[in-house]
Amino acid sequence: MKLKKIVAGIAAAAVAVSMMAVNAFATTIELDSDYVGAWGAGKTIPKADLEAVGGDVQVTLTVEWRSSIIEDQHIIAPMDFDNGWLRITDQIQGDKVYAKGDGFIGISPNEPTLTFVVSADTIASLGDSGIGFQVQNVIVKSADLEPGTFSGASVNTLEEEQIWDYSNGTFTPDGGSAAPAEDTSEEAAPAPAADAGETTTTTTTAPATGNVPAAVMISVMAVAGVAAVATKKRK
């Protein structure tokens with residue numbers, strides 16, 4: 001009877017560790033290496049990758065601010081391309097997300113990343129292409145996905161003029177001004193805007209996080225423990 005209890009306890013521990021490994025799932029999706037053109041649309045974060053994280057998902061974009069030939073905005077809009085290019089800015093949550101009323105988010109040259117949380121319900125409503133981005137003078141390089149907590153759609157709204165200044169590095173939302181960061185990107189003529197009906201998806205393999213080996217180790221320990229107990233009882 002004691003042996004059965006020990007085995008049951010070890011098995012339960014192994015299951016718990018396995019569940020922790022699943023909950024700690026994180027991955028990186030590689031997106032665009034080059035500028036897709038003025039008001040263009042590049043690669044997307046596939047719905048399958050968002051669902052693989054499970055529940056609400058925190059998305060951290062690595063973005064490259066690029067100088068424009070003329071004075072212009074540097075903005076992106078998260079979208080569901082499969083459903084009429086529906087902007088989903090009003091369905092995300094981000095303390096440092098600064099957007100205009102039309103859903104376009106300002107990208108400052110002083111902020112190389114943009115972090116927001118999208119709810120499980122919004123993810124479920126997306127088309128298979130998942131979340132894409134319409135861009136102007138910005139390259140969305142990659143997206144880090146990890147579990148997040150969504151407590152309600154909330155972003156900071158700025159006026160049109162403020163977004164222009166914020167995205168050019170001359171305005172900070174908490175007051176004052178900031179000098180634009182030095183741009184190291186090469187000047188390039190804008191590529192033709194992507195066709196509204198065409199999207200590209202990319203899927204990457206989740207990197208090893210160390211959680212799976214931990215679960216395997218528990219399983220090995222469980223077997224070793226059972227063998228040790230069985231040997232002791234034979235003696």
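Reader: Which element gives the largest share of the lining of the largest pocket?

Author: That share, 3 residues, comes from β9. Strands here are DSSP runs of E of at least two residues and helices runs of H or I of at least four, numbered from the N terminus. The model is predicted, so local features need pLDDT of at least 70 and side-chain atom pairs count only at pLDDT 80 or more, while totals for chains, interfaces and linings use all residues. Residues are numbered from 1 along each chain as its sequence is written, and side-chain values use heavy atoms, with hydrogens and water left out.

Reader: What is a pocket, and what is a cavity?

Author: Both are sets of points on a 1 Å grid over the protein atoms alone. In a cavity a 1.4 Å probe fits but cannot get out; a pocket is an open set with protein on both sides within 12 Å along at least five of seven lines. Lining residues have an atom within 4 Å of a point. Points are joined across faces, edges and corners, and a volume is the space filled by probe spheres set on them.

The largest pocket holds about 290 Å³ of space. Its lining has 16 residues, with K96, Y98, S108, E111 and Y166 nearest the centre. The elements giving two or more residues to this lining are β7 and β9.

Reader: How many cavities of 30 Å³ or more does the structure hold?

Author: It holds 1, and about 50 Å³ of space lies in the largest cavity. Among the lining residues are D32, K43, F133 and V140. β10 and β11 each give two or more residues to this lining, with the largest share, 3 residues, from β11.

Reader: Which residues is F133 in contact with?

Author: Contact means heavy atoms within 4.5 Å. Neighbours within four places in sequence aside, the partners of F133 include L31, I45, L61, I76, F81, F116 and V140.
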